[in-house]
Amino acid sequence: MTKTALITGATSGIGYATASEFAIHGINLILCGRRLERLETIQKDLGKLTNVHILNFDVRDREATFKAIESLPEKFRNIDILINNAGNAHGLDPINEGSIDDWDAMMDINVKGLLYVSKAVIPGMTERKSGHIINIGSSAGKEVYPKGNVYCGSKHAVLAITEGMRIDLNPYGIKVGSVNPGLVETEFSKVRFKGDKIADTIYQGYKALQAEDVADVIYFAISRPPHVNIADVLMFCTAQASSTIVNKEN
Ligand code: NDP
Ligand code: 8X3
C-alpha cells in the first residue's frame, strides 16, 4: 500500500532532498515549511511524481502546528512516516557572548518544534499501531565543539528525545530512529551566520556531504523490512573525522 510521509523543513536542504527521494519512490507527501512560495513550487514539481499536500506553518507556533496537522484532508490523514527535520543553528558564539534570541530560536525550533509536530502526529500512529519516526539530529548531538554550546545542546536533546520515543512507542510497534550528519552543504550556514559571507567559506576546500547523501540514508532507513529499525546513524563526509577535524586543502 502507498505510504504517506510528513516532512518538516521541506523547503530546502535535507528536507527537500528527502521529499524528492520519497517522491521518486511514489510515497505520498505532506511537505511543511514557512516559505509558502517554495512549498508551492515544490508541490508543482514533485506533484508530477506523487500526491503532494503542503502545510505552511512555523513549528515554534504550537497552535498553528496542531491546526495545520488537523487540517489534513482525508487522503493524507494516516501518516506512516514522520521526518522531523526542521531546524537550524543560529549564531556561533562563546556562551558568554551568545544572543538569547539565538538560544530561543534553537531550543524553540530544534527541540520544542520537533515535540509539537510529534505530539500532533503520534496519536494516529499509536491508534493504528504502526508508524516510523526519524528525527534529524546531528554530529553536534554526539559531541560538543567550541562555540557550539546551545546548538549542540539542542541536538543532544533531539537524541535523548529520540531514545525516549523509541522506548515509549515500542509497545505500539512504531519504529523510531535518528540520522545524525556532520557538515552538509545546504542553507544551514547562511542561516547560522545570518547572511555574513563567512557562510560561503564553510564548505570550501573539501567535499562536504550533500543533502542528497543524507536523503539516501533516510530512504534506506524507511525502506527496511518491518522487523528492522535503523536506530541511529552518524554520517560524515570523508574529509571529516569529528566535529572539529576536517581535512581541508591547504
Ligand atoms: P536548511 O537551512 O537548508 O533547511 C532548514 C529547513 O528547516 C528549511 O526547510 C526551513 O524552512 C525549516 N525551518 C527552519 N526554521 C523553521 C521554523 N521555525 N518552522 C518551520 N520550519 C522551519 O538546513 P539543513 O537542510 O541543513 O537542515 C535540516 C536539518 O538538518 C536541521 O535540523 C539541521 O539542524 C540538521 N543538520 C544539518 C547539518 C548541516 O551541516 N547542514 C548537519 C547536521 C544536521 P522554512 O525556512 O521555509 O521554514
Ligand atoms: C550541523 C553540523 O558541525 O555545523 O549540525 O554543527 S555542525
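This is a predicted model: local features need pLDDT of at least 70, side-chain atom pairs count only at pLDDT 80 or more; totals for chains, interfaces and linings use all residues.
How many residues does helix H5 have, and how far does helix H5 reach from its first C-alpha to its last? Helix H5, residues 149-169, has 21 residues and reaches 30 Å, close to the 30 Å expected at 1.5 Å a residue. The scores for the model are ipTM 0.99 and pTM 0.99.

The overall form of the chain comes next. Its secondary structure comes to seven helices and nine strands. The C-alpha trace spans about 55 × 40 × 35 Å along its principal axes. The radius of gyration is 17 Å, which agrees with the value near 18 Å that a compact globule of 250 residues would have. Of the 250 residues, 39% are buried. Taking contacts between residues at least 6 apart in sequence, 70% join residues at least 24 apart.

Helix H5 can now be placed within the chain. Its buried residues are Val-150, Tyr-151, Cys-152, Ser-154, Lys-155, Val-158, Thr-162 and Met-165. An α-helix has 3.6 residues a turn, so residues three or four places apart point the same way. The buried residues of H5 pack against helix H4, strand S5 (131-136) and strand S6 (174-181).

H1 gives the most, with three residues. In total, 30 residues surround ligand 1, and the closest are Gly-9, Gly-13, Arg-34, Gly-87 and Phe-188. By type, this shell divides into 12 nonpolar, 13 polar and five charged residues.

Around ligand 2 the residues are Ser-138, Ser-139, Ala-140, Gly-148, Gly-182, Leu-183 and Ser-243. They divide into two nonpolar, five polar and no charged residues.

Arg-34, one of the residues closest to ligand 1, is also touched by Asp-58. Leaving aside residues up to four places away in sequence, Asp-58 touches Arg-34 and Ala-64. Asp-58 lies in the loop between strand S3 (52-56) and helix H3 (62-70). Is Asp-58 buried, exposed or partly exposed? Asp-58 is partly exposed, because 16 other C-beta atoms lie within 10 Å, whereas a buried residue needs 20 or more and an exposed one has 12 or fewer. Asp-58 and Ile-133 are 75 residues apart in sequence, and their C-alpha atoms are 20 Å apart in space.

Most residues other than glycine have a negative phi. Lys-147, however, has a positive phi of about 70 degrees although it is not a glycine. Lys-147 is placed in the loop between S5 and H5, and it counts as partly exposed because it has 15 C-beta neighbours inside 10 Å. The phi of Lys-194 is positive as well, near 55 degrees. Lys-194 is found in the loop between H6 and strand S8 (209-210). With 11 other C-beta atoms within 10 Å, Lys-194 is exposed.

Notes. Residues are numbered from 1 along each chain as its sequence is written. Chains are lettered from A and ligands numbered from 1 in the order in which they are written. A residue is near a molecule or strand if its C-beta atom, placed from the backbone, lies within 6 Å of it. Helices (H or I, at least four residues) and strands (E, at least two) are DSSP runs, numbered from the N terminus. Ala, Val, Leu, Ile, Met, Phe, Trp, Tyr, Cys and Pro count as nonpolar, Asp, Glu, Lys and Arg as charged, and the others, Gly among them, as polar. The expected span of a helix is 1.5 Å times one less than its number of residues. Two residues are in contact if their C-beta atoms, placed from the backbone, lie within 7 Å. The radius of gyration is taken over C-alpha atoms; the globule rule is 2.2 Å times the number of residues to the power 0.38.
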